[in-house]
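Trainee: I would like to take a close look at a single part of this structure, with the cut-offs spelled out as we go.

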Amino acid sequence: MYNHERFKKRLLIAALTLLSISKVSAQAADNIIKTNSNSFGLWIFAGLVIIPLLFIIGKLYLDFKLQLKKNDEWNKEGTTLKFSQYLKNFDRAQIHTFVTLKKKKCCGKCKGDGGCGISKKAVGIILVLLFFGENIFAQAAKENKALSSQPGIIITIVLMLIPILLAVIFALAKANNAIRNFANNKKKKEAGTFAEYLQNVDDAALQQEFIKKDNLPVYNLTHSELSGNEKAEDSKGLLSNISDKHETHFTASKRKAAIRPTLDADITKLILWYLGCATFWLVLGTGIGEYLGIKFVAPDTDHISWLSFGRLRPVHTNIVFWGWASIAMIGLGYYVVPTVSNAKIYSIKFGWIALVCTNIMVIAGSLALMNGINNGGGEFREYIWPIMAFFAVALILTFINFFLTVAKRTTKEIYISNWFILSALLFTIIVALTAYLPFWQDGIGETIVQGYFMHSGVGMWFTLYVVGLLYYFIPQQINKPIYAYSLGILAFWTQIIFYTVIGTHHFVFSAIPWWLQTVAIIGSAGMIIPVVAATINFTMTFKGHWNKIINSYTLPFFFVAVIYYFLVSMQGTVEAFKFTNLLWHFTDFTVAHAHAGFYGIITFALWGGIYAIVPRLTGKEPPQHLVGAHFWIAFIGLIFYVVPLSIGATLRGLMWMDGKPFIDSVVVMFQYWVWRAIGGSLMFISHIIFAYNFYKMITKEIEPLDVKNEAFQQLGLPQK
Amino acid sequence: MNVFNDHKKLYSIAGLLFLVLTYVTVIMPALQNQNNNAPLPGSVPLAGDALAGKSVYVAEGCVGCHSQQVRNIEMDKVFGSRPGMPADYANLKRMNVWQNTSTVMGTERTGPDLTNIAERQSSKDWHLMHLFNPRSVVAQSIMPSYEWLFEIKDSAAKNDMVVNVPAAFLNGRKGKVVAKKEALQLLAYLLTLKQIPLPDGTKPMEFLYKKEPKEVASAGAGGEVKAGANGQTLYTANCQSCHQANGEGLKGAFPPLKGSPIVNGDNLELYVDIIMNGYDARAEYGVMAAVGTNMNFTENDVAALINYERTSWGNNGKKVTPEEIKKIMDFVKIKASGK
């Protein structure tokens, strides 16, 4: 109790200290704002990371101290007190031994040696290990310096680090043993004194008590107190498939997908085709992306025009945009929209036409780009209009189809998912038309439209649509309604208002009218409202059900999507501030940000959706351990991709601001590009695993024969 | 919440809101800027080879790594003498029926900005070598090679543009590297990329976030001491891509500075003139741009640069002070404007 009070007091003090620290740092921030004109964004960013970190460290420190104090107190307590503690805690066998000891007055001595020798040996081994470890490290460092321009060397070093890591773990285990030996040695000494004490103790009362205790009858459980001695019998026929064998599990087993009434075969087929095409484009598109990442560190890999960086870069981005994400999104929409409308889809045929159109667009577009046919170089607007027209057809057909499905819904209100999904389709049609109609595209007009297009493509199509999907999948997977409808309404309208106007923030300080840039920056700040609203909504839905994340193989994907939605959107806001824009604009920070958003939010959410519905459609689950492998490799890959690239980009931005020679900033980036390639490789590997999982979910495998059923079959008595 | 129960209302309100916002923040300003900005007097619309070259620029996706916009901030000063403005792009119209207008302003600077590249680097040989394999002139570059814009012939025809690529970059192939039509078109386009001066009397926009004058002062005060570091940075940023880090230049393209009589000699006037106003007196080498004038070198910069070049790679020239350079620069400036 006392300790608890003390602890509370300390926590309070720690909190106060933290407050004062944050005050100091706020002052520092003030100073920086004054001298450096504006670094507000950086400070918010740093604050978001540092304050929770300080809290955690503080808490750990306090916990640790408390424990140390307890140990100290324990040690200080008198030996007699300790011995009486021991005596109190004697078990029956020990009591018996003690009583016999006292009866026979026999003596025996414990000998405690040898332990010290062992621990010496162990220490020796550790020293040797550490010495070698250091040697290996030193060599690695040297090689790194001399040959840092060789990707092969770096990969080798990474591979070398794996055994070193294992060695460190081994050394730690050894060290742990040595520490135990040391502690045991101490305890042995104590046991010696205790034995002496036992030998010489002459307390009649105590002995009497122990003798009494020793003579008490012994009670042991028979392990059948509750079940009785009846033989087990399943009189109601509830059990089936009883197995006495216990299998060894290497991975935690997760809940199976709930069995649902099956959908019509034709819509099932349509959705699976959508998702299958998307999976194909994901593997192809990210394979190209991986190759592009390698070209950063090995620019002379090939000199073929069709595979050159400038031509392949838009091929990669457009494939993952339209081929992977858009097709997967529409495919999942064909499940979500009719389900939440409680109605059948209006037309299957429209779905097939839209799918064919989108695939034609991606195939034709990729070939055209590789052949050097490019709309004008604007990001994501590289497909020329005759190719993009196929997508327009697909979007319009999908919108009509979904709209008419919503129109014949059997629920009164339109579910929140459908606001987002249908609006996303509607807005994207408008975005595409604005971007491709030629009337307002001369001169700087093209750039204004470009800013709008590339940002609305992200915000009005991918984000809006995927948030809509999350509003269905998260409550459905947790089996709990969404936290607040009203927050959904707030997020919906503010997202439209703010996101539409922020495109120009890609051209801050450029020749675009200043008022437009200002509107974009204000809109970027305003994005805090819809993002925070949606994040609160999702996390509050998770609240009280966090354990379900552990037991499910789909929820981790959705959870990552929600977290990244918050992080990346906030990062986007911060990036639009003045100082951060000076620092990060034009650097690879944008690339890292785009990948964190598109991968962390969109792709993870789509994976979650696919793993959630495909088992329902086909009745087949993916191998759970491979879903786990997919999740972790993709997640770690993303971090390897984003973090080093962001660090490198920051260094590069600082060099530019310092007026360092441009080529020096290229040299600085090199190692970060290597890390990006490593992260990209992990991501690509995870996609291959995902493709395999998808294949396992849809393939018609030959089921293992059920001998019992087959026997009845052969008897001419078919089982249902 | 009636609106959320009525699909027609919900989607028309959302759609209309989006349409209005799109009009106000995109279509309206785009139209305004399209109609109210005229090209600067003295700007020439792209035509002929340069126009075809721009198509090559777009087709190869150069915009993925190179921006063409000088922002009105100090750190962009290295890429142009004044911030960009809408008039700079007013010449640009739709490319053809299939392809949109292309301002190629860009959003990435994996490579440097190209707004003013023709001023910074006017050497045709340099550009062609760089396109054939960027690492033949800039060892650390990660730009792709555009080998397919060239062909390797046994013997060059009379009108062929031969590029002196070092043998190491031919991967064992023998023959003359000849620029194809597309390479020459792209080159023609790159050589049109320079900022057009504003009409007389018009002041350009200011660059924002000027650096503290601290740095300049220290360079001035301790010119002798500081010259080493400062001169090396200037050399890396402005000279190295031709004369190379080892000062040996590239045979048949860029002259060596190591052991050069101009660098080590006493004709300081010629030396400063070359740095400030460029050089094209020797047929066997490429043309040198007016690097100093383009980059607004001060006498401190020029002195630091000269001192760096005179003390590196075994050179052993007399050191100079900013004061004596100042005089020569004024003189050279008058001479250049008189040309």
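Which residue lies over the face of Phe296(A), and at what distance from the ring centre? Please then go on to the aromatic rings and the core around them.

Mentor: This is a predicted model, in which local features need pLDDT of at least 70 and side-chain atom pairs count only at pLDDT 80 or more, while totals for chains, interfaces and linings use all residues. Residues are numbered from 1 along each chain as its sequence is written, chains are lettered from A and ligands numbered from 1 in the order in which they are written, and side-chain values use heavy atoms, with hydrogens and water left out.

The residue over the face of Phe296(A) is Arg676(A), at 4.3 Å from the ring centre; a charge sits over a ring if NZ of Lys or CZ of Arg is within 6 Å of the ring centre and within 35 degrees of the ring normal.

Over all chains, the structure holds 71 aromatic pairs, where rings of Phe, Tyr and Trp (its six-membered ring) pair if their centres lie within 6.5 Å, and planes under 30 degrees apart count as stacked, over 60 as edge-to-face and the rest as tilted. Phe296(A) forms one of them with Trp673(A), a tilted pair with 5.0 Å from centre to centre and 45 degrees between the planes. Because Phe296(A) lies in helix H8 (residues 265–297) of chain A and Trp673(A) in helix H22 (residues 662–698) of chain A, the pair ties together parts that are 377 residues apart in sequence; helices here are DSSP runs (H or I, at least four residues), numbered from the N terminus. Both Phe296(A) and Trp673(A) are buried, that is, under 20% relative accessible area with a 1.4 Å probe and protein chains only.

The rings of Phe403(A) and Tyr11(B) have planes at 70 degrees and centres 5.9 Å apart, so that pair is edge-to-face. It crosses between chains, from helix H11 (residues 385–407) of chain A, which holds Phe403(A), to helix H1 (residues 7–36) of chain B, which holds Tyr11(B), and both residues are buried.

One aromatic cluster includes Trp324(A), Phe557(A), Tyr599(A), Phe604(A), Phe631(A) and Phe635(A). Leaving aside neighbours within four places in sequence, Phe604(A) is in contact (heavy atoms within 4.5 Å) with residues including Val560(A), Ala634(A) and Leu638(A). Trp324(A) and Phe604(A), along with Trp461(A), have the most contacts inside the largest nonpolar core, which has 223 residues; such a core is a set of buried Ala, Val, Leu, Ile, Met, Phe, Trp, Tyr and Cys residues joined through side-chain atoms within 4.5 Å. Helix H13 (residues 444–478) of chain A gives the largest share of this core, 20 residues.

How values were computed
Helix = DSSP H or I, 4+ residues; strand = E, 2+ residues; numbered from the N terminus. Buried < 20%, exposed > 50% of the residue type's maximum accessible area, 1.4 Å probe, protein only.
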